Amino acid sequence: MRPVQGRTRLAAVPNARLKDFVHLHVHSPYSFLDGASSIERLLQKAKHLGMPAMAITDHNSLSGVIRFYDKAREMGIKPIIGAEVDVEDGYHLTLLAQDLKGYASLCRIISEAQLAKDDSRPVATKEMLAKHSRGLIALSDCSKGEISKLVARGLLEEAKEAARFYRSIYPNRFYIELVYHPNSSGRHSVYRLAEFAKELCLPIVATNDVHYAEMEEYTVHELLEAIRQIIPLEQLPGPRTVEQYLKSPAEMAALFRDIPEAISNTVAVADQCNLDFPLGKPKFPNSPLPSGYSAKSYLRKMTLNGALRRYGSLSAAILERLEHELEVIGFLGFETYFLVVWDIALFAKERGIRYQCRGSAVNSLVVYCLYISNVDPVEYDLLFERFMHEDRHEMPDIDIDFQRTRRDEVKNYITSKYGKDNVAAVATINTFQARSPIREVAKALQLPESDVVELQAGVRWHSVKGLLEHIDTLPELKANRALRNPAFRDLLRLCSAVDGLPRHLSVHLGGLVIGSGNITDWVPLQRSSGGDIITQFDKDDIERLGLIKMDILPVPTLDVIEDTVAEIKRTRGIEINIDSIPRDDPRVFAMHRAGDTIGCFQVESPAQREMAGRLLPECFDDLILLLALIRPGPMKSRMHEKYLRVRQGQAPLTYLDKRLEPVLKETLGQLVYQEQVLGIAHELAGMSYADADGLRRAMTHDRSPEEMGKMREAFISSCLGNGVLKGNAERAWEEVSAFAAYGFPKGHAASYAIPAYQTLWLKCYYLPELLASVLNNQPMGYFSPRVLVQYARWKGIRVLPPDINRSTDRYLVEDGASLYPE
């Protein structure tokens, strides 16, 4: 590693008080490869130093501000939201938001700079800065600032002109930023800037341009810089400094002992920054309603109209459930959200785009009656409280899958309806995980490729931090001798330091955010590497802000179903309404029991085929059960084995308490669905379904042993008060707490069971057409095209060579038993 500027130890100023200084220029890991300490680590250091406030100022990015804001408030530190933006001629400028208006200005500057050009680094022009200056405080920035550089070069008139411009757009809100990293010329530069500020009557403020919490993390920062520049660590240009750590107020006061106002002004700036995010408050898009209707009355009308179409006549039980669900939706204020989703589903339905709702939203009768879902929650006894209830105030999540080939039609409709300035794709934050830290760190350190391959052997999902912990317990790591080699100890330490840090943003597979008014009032936008316009926030931060996020996922199986039905009509002249086929066809289940499910949605994997041969499904409910059982969690707990023993008569059907029979009867006394957790808590502990869902959700999050102990005590106490034997109450708790983290919602399994059954039915009666459609929609499914072609031949279907007169760009069925390849 290159030599760096020497560390000069300065005596602390004895009278410096701990709260006399606030760091206003701090880079977190969301500067993407230019911040070496996590947000939590930075805040912990600030708290340890007794600092009342701290800013976050990442490069052209606000990606970390929501989690910074939440964590800072949790720790009793005032969060100051800002960014260091690139401006014209390669200069930098630090901007801090005073309030929500300033935050909106910052979002707009970053968005416009990021989106102005497709293929270059974002640059905020002076026109952009002037247009969006409201509510912002500006600091002239570090050595990369325009004024700092001009003064350093002796171009004082140009520096004065720049300063006058910034002062004009930030009246009484523009500060000359002083950064002193001790070296031979550093103090002279600071004095020159201070004199310049005095001459123009501009206030000064001291910062440390922080990039890591502790000086020792300098090495990690250098490593990240090498990774960012894609060069070996030893080739990083100098000079560099170890001084960019989160210094104490005393250290900063010592550095600026001759310019004390630069220190005290940091507190004055912090006092002016009072951004209060309205987190968690829904921000619905403007969605026009018919004259005379409110969102509440229109949702009620559309729901009842749909219910009449679904059921013909409405029983007292259905009406009662609908009234209850509508009351809860209204109490939580989510009517507009349901209407937005209904409108999107209606668009797809009217244009013949196949879609399906999934997840716990399927448990809602309102969702079913609005034709968002095709699963009847009454028929399948699905609990609405698993989806939402009056104590669950966060935005509900209604996820819809669409045909992969037509998803863009839906996306374009949403964009046209709500405006291109109000819709964007949700980002995902890619982090250093598993193998990537080893490869990238080794590359920066110029390790041979052979060492990299040896170190990565057996490493799949593990974090680097956990590698050594699991090295003797996981079979795939036991053969990795490189991890035990002392020569790689420093490498693994560096890998562990960057493990989990943000690497870059990418596009969420299906997430779209719909803003309220202008989306850049709330979230900055940028382009992904593929050119998509994405938010700088991930889905969790979007939800935390209260913006509507729609998951419109592309699912090729829906294309397969549509293509197969169309191919059947083309080749056989038969029109099929695939949504009206009977779900009790014995031939279909016989094929399923035989494990002949290649090409069928969710049931073609070896695990599913093996389980079908043991469980021997006979009805649609068995298919739902299979989809819930063959999941990592249930299989890890051997739940499927327990169920099979009872089903096959090898173990008796028993219930811990007779009150659990209606809850567990359909699964032969075994916990299979998350809804059953709610049922157990309701029957044994006397909880309402809403409280039971709260318990389930609490158990799915990381909890300390003390917290779990308190929940256990409360659960058992409630059970005892409800007449449950203590031993049974304790056993019920053990089963419920172990299950809650990995259980599968019955509603989700039921929604997936529909396309699973439809593909099974199509395969049973129209195998050539189904296989042609699966081949036409690659990549998808479990098996490769080569295996699918071999399977077709094995089933007696001729796969013909290309024919210049008859082949197209798709597989076609000829004479009911031949496929033309691409």
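Trainee: Which residues line the second largest cavity?

Mentor: First, this is a predicted model, in which local features need pLDDT of at least 70 and side-chain atom pairs count only at pLDDT 80 or more, while totals for chains, interfaces and linings use all residues. Residues are numbered from 1 along each chain as its sequence is written, and side-chain values use heavy atoms, with hydrogens and water left out. On a 1 Å grid over the protein atoms alone, a cavity is a set of points where a 1.4 Å probe fits but cannot get out, a pocket is an open set with protein on both sides within 12 Å along at least five of seven lines, and lining residues have an atom within 4 Å of a point. By that rule the lining consists of Gly599, Glu604, Val774, Met780, Gly781, Tyr782, Phe783 and Leu788.

Trainee: What volume does the second largest cavity have?

Mentor: Grid points are joined across faces, edges and corners, and a volume is the space filled by probe spheres set on the points. A search of the whole structure finds two cavities of 30 Å³ or more. For the second largest cavity the volume is about 40 Å³.

Trainee: Which helix gives the most to the lining of the largest cavity?

Mentor: About 60 Å³ of space lies in the largest cavity, and its lining includes Phe620, Ala753, Ile754, Tyr757 and Gln758. Helices (H or I, at least four residues) and strands (E, at least two) are DSSP runs, numbered from the N terminus. With four residues, the main contributor to this lining is helix α33 (residues 746-765).

Trainee: How many charged residues are in the lining of the second largest pocket?

Mentor: This pocket holds about 940 Å³ of space. Of its 35 lining residues, the closest to its centre are Arg392, Asp397, Lys539, Glu543 and Arg697. Ala, Val, Leu, Ile, Met, Phe, Trp, Tyr, Cys and Pro count as nonpolar, Asp, Glu, Lys and Arg as charged, and the others, Gly among them, as polar. The lining has eleven nonpolar and ten polar residues, and the number of charged ones is 14.

Trainee: Which element gives the most to the lining of the second largest pocket?

Mentor: The elements that give two or more residues are α21 (539-545), β13 (548-555) and α30 (689-700). The one that gives the most, with four residues, is α21.

Trainee: Which residues have the most contacts inside the largest nonpolar core?

Mentor: A nonpolar core is a set of buried Ala, Val, Leu, Ile, Met, Phe, Trp, Tyr and Cys residues joined through side-chain atoms within 4.5 Å. Buried means under 20% relative accessible area, exposed over 50%, and partly exposed in between (1.4 Å probe, protein chains only). Helix α33 gives the most to this core, with eleven residues. The core has 235 residues, and those with the most contacts inside it are Phe338 and Ile398.

Trainee: Is valine 340 buried or exposed?

Mentor: Valine 340 is found in helix α13 (residues 335-350). Leaving aside its neighbours within four places in sequence, valine 340 is in contact (heavy atoms within 4.5 Å) with Pro285, Tyr418, Ile514 and Ile548. Because its relative accessibility is 0%, valine 340 counts as buried.

Trainee: What is the omega of the peptide bond that joins glutamine 778 and proline 779?

Mentor: Most residues other than glycine have a negative phi, and most peptide bonds are trans. Proline 779 is placed in the loop between α34 (767-776) and α35 (785-794). The bond from glutamine 778 to proline 779 is cis, with an omega of about 0°.

Trainee: Is aspartate 89 buried or exposed?

Mentor: Aspartate 89 is in the loop between β2 (78-86) and β3 (92-97). Although it is not a glycine, aspartate 89 has a positive phi of about 65°. Because its relative accessibility is 70%, aspartate 89 counts as exposed.

Trainee: What radius of gyration does the protein chain have?

Mentor: The radius of gyration is taken over C-alpha atoms, and the globule rule is 2.2 Å times the number of residues to the power 0.38. With 822 residues, a compact globule would have a value near 28 Å, which agrees with that of the protein chain, 31 Å.
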